[in-house]
Amino acid sequence: MATPMSRWMRVAIAVAMASDAAILTANAEDYPVRPVRIIIGFGPGASGDIAARVLAQKFGTLFGQQFVVENRTGAASNIATNFVAHAPRDGYTLLQGTVANTINAAVTPNLNFDLVKDFAPVALFTTLPNILVVHPTVGAKSVKELIGIARAAPGQLSFGSAGVGSGSHFTGELFNVMAGTNIVHVPYVGTAQALTDLLAGRLQVMFSPASTVLQHIDEGKITALASTGLQRASAAPDLPTISEAGIPGFDTSGWFGLLAPAGVRREVIERLARATNEAAKSPDVVAALRPQGFDMESGGPEEFAAFIHNDLEKWARVAAAAGLKR
């Protein structure tokens with residue numbers, strides 16, 4: 001038979017558990033009650049940095065709380081990703097996920113984190129097609145002409161990327177595989193550095209984020225041949241896709257979405273997802289990003305998880321075909 005003390009203990013424990021549950025619910029409903037960090041793996045001025053800062057500013061309005069973008073560069077975004085994977089699971093440290101995450105996970109074993117197990121997808125925010133551009137001295141005016149030039153002189157043309165394992169690197173490798181070309185990869189520490197050499201004629205080819213090359217295309221400094229997504233880029237609707245222009249099925253785009261450490265409360269994930277979708281539909285956000293080549297997206301955690309899964313599978317196939325598995 002239970003003693004009065006044991007009954008009191010059971011009551012006290014039940015009250016404490018109910019209190020804890022109420023506090024957790026309140027925390028989810030009131031989130032955020034202090035500044036939130038959005039960690040990105042690339043430097044200021046990069047496409048991901050631009051998208052993250054626009055989203056953070058909008059979140060500040062929607063939540064009435066400060067969202068701070070923090071750049072943690074290096075190792076093709078793995079430093080930033082590892083930092084967030086081991087951050088407190090309270091929703092106050094988020095990761096801006098990018099195509100670099102799925103590429104790294106697909107080709108690099110023994111990372112200090114698992115992209116699928118250690119993260120909770122929140123929502124896809126925006127996509128950014130790359131534009132295939134060449135220096136005018138190449139002489140190509142179309143994708144088919146570039147393929148012909150590259151096949152006639154294998155190893156003589158080079159394409160620059162934002163670094164080994166970057167989206168622009170793997171886009172170029174996919175092009176080589178599907179076009180049967182041998183355009184040599186030249187890695188840089190960032191897109192800006194590669195673009196500088198392209199403009200100077202020291203580099204012949206780039207698969208560059210639309211946001212970084214549209215102005216130079218308009219000024220005639222480089223020649224745009226095609227965009228890399230299956231759909232034409234909204235910022236360059238007259239430009240054909242690579243799929244249309246000679247390599248059916250070619251499809252790569254940069255993407256930016258929010259990831260939280262696994263274990264963050266579902267209510268917080270859903271609040272962030274709703275806010276991300278609201279931001280993507282906001283006229284001020286669209287006006288800030290679409291002219292730079294970004295296409296706004298929508299969907300919740302499940303849709304984003306499926307998107308990541310498909311991207312992982314695609315880049316694993318590319319890595320295997322190009323012999324890039326590490």
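## Exercises on a predicted model

Ring pairs link Y31, F59, F63, F67 and Y92 into a cluster, where rings of Phe, Tyr and Trp (its six-membered ring) pair if their centres lie within 6.5 Å. This is a predicted model, in which local features need pLDDT of at least 70 and side-chain atom pairs count only at pLDDT 80 or more, while totals for chains, interfaces and linings use all residues. Residues are numbered from 1 along each chain as its sequence is written, and side-chain values use heavy atoms, with hydrogens and water left out.

### Exercise 1: aromatic rings

Task: Classify the ring pair of F63 and F67, and then the pair of F113 and F119.

Solution. A pair of aromatic rings is described by the distance of the centres and the angle of the planes. Planes under 30 degrees apart count as stacked, over 60 as edge-to-face and the rest as tilted. The structure holds 14 aromatic pairs. For F63 and F67, the centres are 5.3 Å apart and the planes stand at 35°, so this pair is tilted. Both F63 and F67 are buried, a word that means under 20% relative accessible area, with exposed meaning over 50% and partly exposed in between (1.4 Å probe, protein chains only). The pair of F113 and F119 is edge-to-face, with 6.4 Å from centre to centre and 85° between the planes. F113 counts as buried because its relative accessibility is 11%, and F119 is buried with a relative accessible area of 4%.

### Exercise 2: charges over rings

Task: Find which ring has R34 over its face, and which ring has the charged end of R72 over it.

Solution. A charge sits over a ring if NZ of Lys or CZ of Arg is within 6 Å of the ring centre and within 35 degrees of the ring normal. R34 lies over the face of Y92, at 3.7 Å from the ring centre, and Y92 also belongs to the cluster of linked rings. The charged end of R72 sits over the ring of F83, at 3.7 Å from the centre of that ring.

### Exercise 3: helix α6

Task: Decide how the span of α6 relates to the expected one, and how many of its residues are buried.

Solution. Helix α6 (residues 167-179) has 13 residues and reaches 18 Å from its first C-alpha to its last, close to the 18 Å expected at 1.5 Å a residue; the expected span is 1.5 Å times one less than the number of residues. The helix is mostly covered, as 11 of its 13 residues are buried, including H169, F170, L174 and F175. After α6 comes G180, whose phi is positive, near 70°.

Technical notes. Helix = DSSP H or I, 4+ residues; strand = E, 2+ residues; numbered from the N terminus.
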